[in-house]
Amino acid sequence: MCEITKLVIAPTKGSRLSVVRLTLTEQGIDGDCHAGRQISLVSGEAVYAMRDFAGNCAQRFFANIVTLGMDYAQIKEGMHLHIEDAVLQVTSVGKRCHDICKMRASSDECPLRRGCAFANVVHGGTIGVGSSVSESSL
């Protein structure tokens with residue numbers, strides 16, 4: 001079973017705030033300065049693995065939703081993710097490396113290339129830490 005272990009919003013540009021619950025709307029995350037953008041998800045396993053890397057994203061990237069137990073290799077573009085009453089539609093899986101990232105030039109495999117996803121909100125709702133995440137095809 002996959003569940004949410006952490007939720008993060010950015011009330012102002014450059015800030016990060018961990019929350020226990022958040023509200024998703026068709027415009028994104030309520031109270032997040034990046035509303036209107038996609039929601040980002042990352043596996044807790046990838047977050048843990050990034051601690052050992054010196055790549056750009058290890059310091060700069062943060063996801064709105066951190067999950068535990070989700071196999072991101074099985075997630076496909078267009079798939080729906082159901083979290084409580086909310087429904088997200090996956091728009092992409094994985095994250096490209098920035099040109100200036102040290103890891104891009106090395107042989108190390110960045111965990112974010114396969115351990116994260118981006119999605120739009122199809123149906124809003126309130127989600128929380130501990131909420132289950134289920135997947136469905138279109």
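Predicted model: local features only at pLDDT ≥ 70, side-chain atom pairs only at ≥ 80, totals over all residues.
**Sheet.** I looked up the strand order and found an open sheet of three strands, S4-S3-S10, paired antiparallel. S4 (28-29) and S10 (125-128) are the edge strands; each has a single partner strand, so one side of each is left without a neighbour in the sheet. I then checked how S3 (residues 21-25) is joined to S4, and found two bridges in an antiparallel run. Threonine 25 has glycine 28 of S4 as its bridge partner.

**Cores.** I listed the largest nonpolar core, which has 25 residues. Leu22, Leu24, Ile65, Leu88 and Ile127 have the most contacts inside it. I noted the strands that each supply at least two residues of this core: S1 (2-9), S3, S5 (39-43), S7 (80-83), S8 (86-93) and S9 (116-123). S1 gives the largest share of this core, four residues. Another core, of six residues, lies apart from this one and includes Val42, Ala63, Val66 and Cys116.

**Leucine 24.** I looked up the contacts of leucine 24, leaving out residues up to four places away in sequence. Leucine 24 touches Ile29, Ile39, Ala86, Leu88, Val121, Gly124, Gly125 and Ile127.

**Proline 11.** I placed proline 11 in the loop between S1 and S2 (17-19). Proline 11 counts as partly exposed because its relative accessibility is 36%, and the class lies between under 20% for buried and over 50% for exposed. Beyond four places in sequence, proline 11 touches Leu17, Gly31 and Cys33. I also checked aspartate 30, 19 residues apart from proline 11 along the chain; their C-alpha atoms are separated by 9.4 Å.

Notes: Residues numbered from 1 in each chain as written. Heavy atoms only, no water. Pairing = 2+ DSSP bridges. Core = buried A, V, L, I, M, F, W, Y, C linked by side-chain atoms within 4.5 Å. Buried < 20%, exposed > 50% of the residue type's maximum accessible area, 1.4 Å probe, protein only. Contact = heavy atoms within 4.5 Å.
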